[in-house]
Amino acid sequence: MAASSADQKDKYRSYLYGEGEKNTKWRFGAPPNYDVVNKLFEEGRTKIWPPGSLEEMVQNLLKTYEMELFHKACVDDFKSIDPKKFTLSLNGRKGLGLDDIKKLGGGYNPLLQSSLPEEFQIYKPSEETADSSHRAFTTTFPRGFAVEILQVYSGPPQIVYKFRHWAYMEGPFKGHAPTGELVEFYGMAIFGVDEHMKIVSVEFFYDPGELLGALVKGAKIENYAGEMTTGCPILRSTG
């Protein structure tokens, strides 16, 4: 017999199941299942942090934050973020509030901003929606896009940390054939948190080209029709 949502639990993410989420509005109709990406994470991580450590806490906060931002459809359901104060910035750009993120299309769009002229961009945020960007990357990374904390340099209220994201390119991306290769990039980030450990700001510093450049190594696919809709997008999760 399948476990009820009240009995389910994710090892690394809060605010996903249980009584507190019974009225949560999910972008894809139901809570995401992270079993596959958790396996990728456990097989590929380079650090195992002690239970209760600051590093484990920050790593789980990062995973929970990504889950809520990508999968919860209503900001009122966010619990790791203070939606009224929250801002996100990339590489020193002006911080974006949740309304600004929505205007950019959500999904990966605010995380892949580029100063390149659009004709030179591999991924064009102006042409993507939250759904199309999610579909593009879940097609490319069918086992998900894992993340780990490599080091935490300072604790609350300004949490400074180094992270690593990785996946295997086992599906096409924007007309380029899959390579099957490991794709990874490293970065730094700062979480600003309040007294309740809710995130009020996040600043990311990394090179989006480190990710995108690895996705166009494969040969161009003739007559490419675009990423196909997966049968169950909630089963193919990031983070």
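Which helix gives the most to the lining of the largest pocket? Helix 3 does, with 4 residues. Before the close-ups, a note on what you're looking at. This is a predicted model, where local features need pLDDT of at least 70 and side-chain atom pairs count only at pLDDT 80 or more, while totals for chains, interfaces and linings use all residues. Residues are numbered from 1 along each chain as its sequence is written, and side-chain values use heavy atoms, with hydrogens and water left out.

**View 1. The largest pocket holds about 410 Å³ of space.** A pocket here is an open set of points on a 1 Å grid over the protein atoms alone, where a 1.4 Å probe fits, with protein on both sides within 12 Å along at least five of seven lines; lining residues have an atom within 4 Å of a point. Its volume is the space filled by probe spheres set on the points, which are joined across faces, edges and corners. Of the 20 lining residues, R27, L69, V75, L98 and K102 come closest to the centre. Two or more lining residues come from each of helix 2 (54-71), helix 3 (98-103) and helix 4 (130-140). Helices (H or I, at least four residues) and strands (E, at least two) are DSSP runs, numbered from the N terminus. Sorted by class, the lining has 11 nonpolar, 4 polar and 5 charged residues. In that count Ala, Val, Leu, Ile, Met, Phe, Trp, Tyr, Cys and Pro are nonpolar, Asp, Glu, Lys and Arg are charged, and the others, Gly among them, are polar.

**View 2. The second largest pocket has a volume of about 180 Å³.** Its lining includes S14, Y15, M57, N60, L61 and T64. K79, S80, H196, M197 and K198 also line this pocket. Here the tally is 4 nonpolar, 5 polar and 2 charged residues. Look at M197 while you're here: its phi is near 65°, a positive value in a residue other than glycine. M197 sits in the loop between strand 4 and strand 5, and at 26% relative accessibility it counts as partly exposed.

**View 3. Helix 1 (residues 35-44) has a buried side.** V37, N38, L40 and F41 are the buried ones (buried is under 20% relative accessible area, exposed over 50%, partly exposed in between, with a 1.4 Å probe and protein chains only). They share a side of helix 1 because they cover an arc of only 160° around the axis, taken from the directions from the helix axis to the C-beta atoms. An α-helix has 3.6 residues a turn, so residues three or four places apart point the same way. D35 and E43, on the other side of helix 1, are exposed. The buried residues pack against helix 2, strand 2 (146-154) and strand 3 (158-168).

**View 4. The largest nonpolar core has 44 residues.** Such a core is a set of buried Ala, Val, Leu, Ile, Met, Phe, Trp, Tyr and Cys residues joined through side-chain atoms within 4.5 Å. Y65, F137, Y161, F191 and F204 have the most contacts inside it. Helix 2 gives the most to this core, with 6 residues. Zoom in on F204: leaving aside neighbours within four places in sequence, its contacts (heavy atoms within 4.5 Å) include Y65, L88, L111, Y161 and F163. There's also a second, separate core of 11 residues, with L16, Y17, L40 and M67 among them.

**View 5. Helix 4 is largely enclosed by the rest of the structure, since 9 of its 11 residues are buried.** The buried residues include A130, S132, H134, F137 and T140. Among the elements covering them are helix 2, strand 3 and helix 5 (208-212). In the loop between helix 4 and strand 2 you'll find F145, which is buried, with a relative accessible area of 4%.

**View 6. S201 lies in strand 5 (residues 199-205).** S201 is buried, at 18% relative accessible area. Not counting residues up to four places away in sequence, S201 touches F86, T87, I190, F191 and G192.

**View 7. Two loops have backbone details to look for.** The peptide bond from P156 to P157 is cis, with omega near 10°. P157 belongs to the loop between strand 2 and strand 3. K174, in the loop between strand 3 and strand 4 (182-193), has a positive phi of about 50° although it is not a glycine. With 25% relative accessibility, K174 is partly exposed.
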